[in-house]
Amino acid sequence: MKKFLPIISALLFLYFGLLAGCSPTTKERQLVMNRLKDPESTKFRNEKRYETGYVCGEFNSKNSYGAYTGYIRYTAKAPDIYYTENGDSGALDLENFQLLIDDIRNKDKTGFEKIWNKYCQ
């Protein structure tokens, strides 16, 4: 057991060292920023990664006039799934597809709220 202790310690150090060196939300942020008029101006806050693999948070970005529009909630899961409170989305996953179709049919706009409550609570 004593001869395995240094190996286990080294592996744990590498594992946690690699995790600490990268942002857990970089890919998810990029999904949201790809559709914005001024992606470099985007500010993020209240971000958290959940056990579902989704990152939930808020973003604010400048519009065509150079003014910030206000924080908007988003949920995202790399490589290409994301939803925003204002109705923007990336690739649709089959699990949530029906929620968004119901939004279009019923015009009740509760699909994002249901997705937020499902992944961000």
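A residue is taken as buried when its relative accessible area is under 20% and as exposed when that area is over 50%, with partly exposed in between. The structure described here is a predicted model.

By this criterion, helix α3 has Asn 96, Leu 100 and Asp 103 as its buried residues. Viewed down the axis of α3, these buried residues fall within an arc of 45 degrees, so they line one face of the helix. In general, an α-helix has 3.6 residues a turn, so residues three or four places apart point the same way. On the other side of α3, the residues Leu 94, Arg 105 and Asn 106 are exposed. The helix comprises 13 residues, 94-106, and reaches 19 Å from its first C-alpha to its last, close to the 18 Å expected at 1.5 Å a residue. Just after α3, Lys 107 takes a positive phi of about 55 degrees.

Leaving aside residues up to four places away in sequence, Asn 96 touches Tyr 54, Tyr 83, Ile 115, Lys 118 and Tyr 119. With Tyr 119 there is also a polar contact, made between the side chains of Asn 96 and Tyr 119 at 3.1 Å.

Strand β4 contains Thr 84. Thr 84 counts as buried because its relative accessibility is 3%, against a cut-off of 20%. The side chain of Thr 84 makes a polar contact with the side chain of Asn 86 at 2.4 Å. Residues up to four places away in sequence not being counted, Thr 84 touches Phe 59, Ile 72, Arg 73, Tyr 74 and Phe 112.

Side chains of opposite charge can pair when their charged atoms come close. The count of salt bridges in the model comes to 6. Among them is a pair formed by the side chains of Arg 29 and Glu 47, with an N to O distance of 2.5 Å. Arg 29 is partly exposed, at a relative accessible area of 29%, and Glu 47 is partly exposed at 24%.

A salt bridge also links the side chains of Arg 35 and Asp 88 (3.4 Å, N to O). Arg 35 is placed in the loop between α2 and β1 and Asp 88 in the loop between β4 and α3, so the pair ties together parts that are 53 residues apart in sequence. Arg 35 counts as exposed, at 52% relative accessibility, whereas Asp 88 is partly exposed, with a relative accessible area of 22%.

The side chains of Arg 73 and Glu 113 likewise meet in a salt bridge, at 2.6 Å from N to O. Since Arg 73 lies in strand β3 (residues 72-77) and Glu 113 in helix α4, the pair ties together parts that are 40 residues apart in sequence. Arg 73 is buried, with a relative accessible area of 15%, while Glu 113 is partly exposed at 34%. Salt bridges that share partners join Arg 73, Glu 85 and Glu 113 into one network. Arg 73 is also one of the residues that Thr 84 touches.

Terms used: Residues are numbered from 1 along each chain as its sequence is written. This is a predicted model: local features need pLDDT of at least 70, side-chain atom pairs count only at pLDDT 80 or more; totals for chains, interfaces and linings use all residues. Side-chain values use heavy atoms; hydrogens and water are left out. Helices (H or I, at least four residues) and strands (E, at least two) are DSSP runs, numbered from the N terminus. The expected span of a helix is 1.5 Å times one less than its number of residues. Buried means under 20% relative accessible area, exposed over 50%, partly exposed in between (1.4 Å probe, protein chains only). The arc is that of the directions from the helix axis to the C-beta atoms. A polar contact is a pair of N or O atoms within 3.5 Å; within protein, one must be able to donate a hydrogen and the other to accept it, and residues adjacent in sequence count only if both atoms are side-chain atoms. Contact means heavy atoms within 4.5 Å. A salt bridge is a side-chain nitrogen of Lys or Arg within 4 Å of a carboxyl oxygen of Asp or Glu.
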